[in-house]
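Reader: I want to know what stands behind the labels. Take me through them one at a time.

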Amino acid sequence: MPIPLVDLQAQYLSIREEIDDAIARVVAGGRFVGGPVVEAFEREFAAFCGAAHAVGVANGTDALVLALRACGVGPGDEVIAPALTFTATAEAIVLAGARPVFVDVDDTYTLDVAQAAARITPRTRALMPVHLYGQPADMDPLMALAERHGLYVVEDAAQAHGARYHGRRAGSLGHIACFSFYPGKNLGAYGDGGAVVTGNAEWAAKVRVLGDHGRTGYYEHRYVGCNSRLDALQAAVLRVKLRHLDDWNAARRRAAERYRARLASLHGVVLPHEAPGREHVYHLYVVRTPGRDALRERLTQAGIQSGLHYPVPLHLQPAYADLGYAPGTFPRSEAWTGEVISLPIYAELHEGQIESVCRVLEGSGA
Ligand SMILES: *Cc1c(COP(=O)(O)O)cnc(C)c1O
């Protein structure tokens, strides 16, 4: 049996009745954009994150753009972000009118705080740590740095629903945080979705206004906003799934533990590690090996899907060429993009499947 990278079908089958019922209720109720189901999800998700406010938006990229705009980041501003992340992190900075300033990652694959400190200029307005693969960035020193320089910290938490840093959840660690509910994320809709989470009531209200055409009265549009709202059908799916998220994250952590137990002694493969005080939710289980491409081929041959997150660091993507970064600027991101490979991980992944994946890794000579 082939082993996929993520198995949304298996998840659906485990919650089928709840999901079908929730969807049927929305269809019967006739409120499809906004309304009581969206509002209920926003309250529940804010509470889950330990934050005062959550605002549903159309996707994670919009969440980032709207969060930046809500806290006043725009043209002339610089935002510091990691070079190793999904392109949407930097894309959002550009779409908000600001300029991304890249820095390298540390050995947890998150923003290197010392390098971020070194890149602060008078134009810097915000820091955008990414809780990459499901592990929170090192937020205490980042928040202290932000405090010293009067900067905002915008969490890209698109891969870290439920992850904790010294007991607090992603989404309540910075000044404002952004989530994606793309289907494959740890909390995924059946289509696109996203949310902005913050303790700041003014910013939450601003995100809501900007995502609803800048509307401040039925016929008054104070800002040039956009159309970025969460559908009731997606909110209904998300409310059901949110009730299972802690269990699913715990199952992902057990799968990661199994991989570690099986692979710890394997030479030439670097496994993910959890930094002290951080609770990783393993959105992705990413290992590093110099023989990455050969290993990927062997996995494919064995019917095992794998992924590359990510094969090119953002400063070397054509889209950001005009920022002027030369190869060699960020040694870790550049070396690791050639070595990372994501192995299957999801709550329903069972021991036998993990064993099959591990056998391929052992046999690969990696
Ligand atoms: C998925 C993701 C996004 C974007 O979310 P979309 O919902 O796809 O727009 C942003 N940042 C990171 C790190 C992501 O993984």
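Author: Start with a helix. The buried residues of α8 are A232, Q234, A235, A236, V237, L238, V240, K241 and L242. This is a predicted model, where local features need pLDDT of at least 70, side-chain atom pairs count only at pLDDT 80 or more, and totals for chains, interfaces and linings use all residues. Residues are numbered from 1 along each chain as its sequence is written, and side-chain values use heavy atoms, with hydrogens and water left out.

Reader: What makes a residue "buried"?

Author: Buried means under 20% relative accessible area; exposed means over 50%; partly exposed is in between (1.4 Å probe, protein chains only). Nine of the eleven residues of helix α8 (232-242) are buried, so the helix is largely enclosed by the rest of the structure.

Reader: What covers the buried residues of α8?

Author: The cover includes α1 (8-29), α2 and α9 (245-263). Helices here are DSSP runs of H or I with at least four residues, strands are runs of E with at least two, and both are numbered from the N terminus.

Reader: Which residues touch the most other members of the largest nonpolar core?

Author: They are F41, F45, F179, F181, L187 and V197, in a core of 36 residues. A nonpolar core is a set of buried Ala, Val, Leu, Ile, Met, Phe, Trp, Tyr and Cys residues joined through side-chain atoms within 4.5 Å. The elements giving two or more residues to this core are α1, α2, β8, β9, α8 and α9. Helix α8 gives the largest share, seven residues.

Reader: What does F45 touch?

Author: Leaving aside residues up to four places away in sequence, F45 touches A54, H161, F179, F181, L187, A195, V197 and L242. Contact means heavy atoms within 4.5 Å. There is also a second, separate core of 27 residues, including V57, V154, I176 and L210.

Reader: Now the sheet. In what order do its strands run?

Author: The order is β1-β9-β8-β5-β4-β2-β3, seven strands in an open sheet with mixed pairing. Strands β1 (53-57) and β3 (99-103) are the edges, since each pairs on one side only. The twist averages 25° from one strand to the next.

Reader: How do you know that β4 and β5 pair?

Author: Two strands pair if DSSP finds at least two bridges between them. Strands β4 (124-127) and β5 (152-156) have two bridges, in the parallel sense. That meets the cut-off, so they count as paired. In β5, V153 is the bridge partner of L127.

Reader: Which helices lie on this sheet?

Author: Helix α2 (36-49) lies across β1, β8 (176-180) and β9 (194-198), at about 125° to β1. Helix α3 (60-70) packs on the sheet too, touching β1, β2 (78-82), β5, β8 and β9, and its direction makes about 165° with that of β8. Axes are lines fitted to C-alpha atoms, for helices over the stretch in contact, and angles run from 0 to 180 degrees between N-to-C directions.

Reader: Why is the contact of E18 and R243 called a salt bridge?

Author: A salt bridge needs a side-chain nitrogen of Lys or Arg within 4 Å of a carboxyl oxygen of Asp or Glu. E18 and R243 are at 3.6 Å, N to O, so the pair qualifies. The two are 225 residues apart: E18 is in helix α1, and R243 is in the loop between α8 and α9. E18 is partly exposed at 29%, whereas R243 is exposed at 55%. The structure holds 21 salt bridges.

Reader: What does the salt bridge of D246 and R169 tie together?

Author: D246 lies in helix α9 and R169 in strand β7 (168-169), so the pair ties together parts 77 residues apart in sequence. The closest N and O atoms are 3.1 Å apart. R169 is at 10% relative accessible area, so it is called buried; D246, at 39%, is partly exposed.

Reader: Which residues form a network of salt bridges?

Author: R262, E355, R359 and E362 do.

Reader: Why is C71 counted in no disulfide?

Author: A disulfide is a pair of cysteine sulfur atoms within 2.5 Å. The structure holds zero disulfides. C71 is buried, at 4%, and C358 is buried at 0%.
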